[in-house]
Amino acid sequence: MRASLLLSLLLASALPAQASSQLALDKGCYSCHGEPPRRNAPSMAQLAADYARYRGQPDAPRQLAEKLRAGGLFAHIAAHERLSPADCEALIRWIIEGAN
Ligand code: HEC
């Protein structure tokens with residue numbers, strides 16, 4: 001019991017990508033960006049394909065996170081806007097790296 005808890009803690013810190021996919025689940029991202037996506041949302045795979053072009057750009061995650069949280073003039077998405085800056089940036093990084 002105790003050993004397995006320790007193991008899962010170790011795994012969680014060793015695998016940040018996995019932690020972010022859990023974060024995406026927890027924050028309800030897949031209710032719109034799942035397969036099939038809902039409303040006009042792109043699927044997570046489409047987002048990742050689109051954001052792959054930001055790989056290797058150190059400022060991109062912060063800028064994209066700010067943009068996502070700010071929302072568009074006509075598109076206010078609560079799930080985007082209520083993310084903390086840190087969570088949003090972690091999710092954007094994870095999407096840029098392929099959202100696996
Ligand atoms: C209520 C539905 C909904 C939920 C829930 C949702 N999204 Fe979105 N998302 C959208 C729609 C619709 C778009 C496309 C329109 C737009 O860009 O505003 C979008 C666009 C995006 C984009 C691309 C923005 C751009 O312009 O480049 C990212 C990144 C994104 N979502 C991440 C997330 C993350 C991370 C979560 C979970 C915290 C999430 N979304 C939850 C509906 C949703």
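Colleague: In this predicted model, how do the residues of the lining of the largest pocket divide into nonpolar, polar and charged?

Modeller: The structure is a predicted model, and its largest pocket is lined by 30 residues. Sorted by class, the lining of that pocket holds 5 charged residues and 8 polar ones, and the nonpolar residues number 17.

Colleague: Which element gives the largest share of the lining of the largest pocket?

Modeller: Two or more lining residues come from each of α3 (30-33), α4 (44-51), α5 (60-70), α6 (78-81) and α7 (85-96). Among these helices, the largest share is 5 residues, and the element that supplies it is α7.

Colleague: Which residues lie nearest the centre of the largest pocket?

Modeller: The space in this pocket comes to about 750 Å³. Of the 30 residues that line the pocket, those that lie nearest its centre are His33, Ala41, Leu68, Ile77 and His80.

Colleague: Where does the ligand sit, and which residues around the ligand come nearest?

Modeller: The ligand is placed in the largest pocket, and the shell around the ligand, when sorted by class, has 2 charged, 5 polar and 12 nonpolar residues. Of the 19 residues around the ligand, the ones that come nearest are Cys29, Cys32, His33, Tyr51 and His80.

Colleague: Which element gives the most to the shell around the ligand?

Modeller: At least two residues of this shell are supplied by each of α3, α4, α5, α6 and α7. The element that gives the most, with 3 residues, is α3.

Colleague: Why does proline 42 count as partly exposed?

Modeller: Proline 42 is found in the loop between α3 and α4, and its C-alpha atom is separated by 8.0 Å from that of cysteine 32, which is 10 residues away along the chain. A residue is called buried under 20% relative accessible area and exposed over 50%, with partly exposed in between. Proline 42 therefore counts as partly exposed, because its relative accessibility is 29%.

Key: Residues numbered from 1 in each chain as written. Predicted model: local features only at pLDDT ≥ 70, side-chain atom pairs only at ≥ 80, totals over all residues. Heavy atoms only, no water. 1 Å grid on protein atoms, 1.4 Å probe; cavity = no way out; pocket = protein on both sides within 12 Å on 5 of 7 lines; lining within 4 Å. Points joined across faces, edges and corners; volume = space filled by probe spheres on them. Helix = DSSP H or I, 4+ residues; strand = E, 2+ residues; numbered from the N terminus. Nonpolar A, V, L, I, M, F, W, Y, C, P; charged D, E, K, R; others polar. Near = heavy atom within 4 Å. Sits in = over half its atoms within 2 Å of the grid points. Buried < 20%, exposed > 50% of the residue type's maximum accessible area, 1.4 Å probe, protein only.
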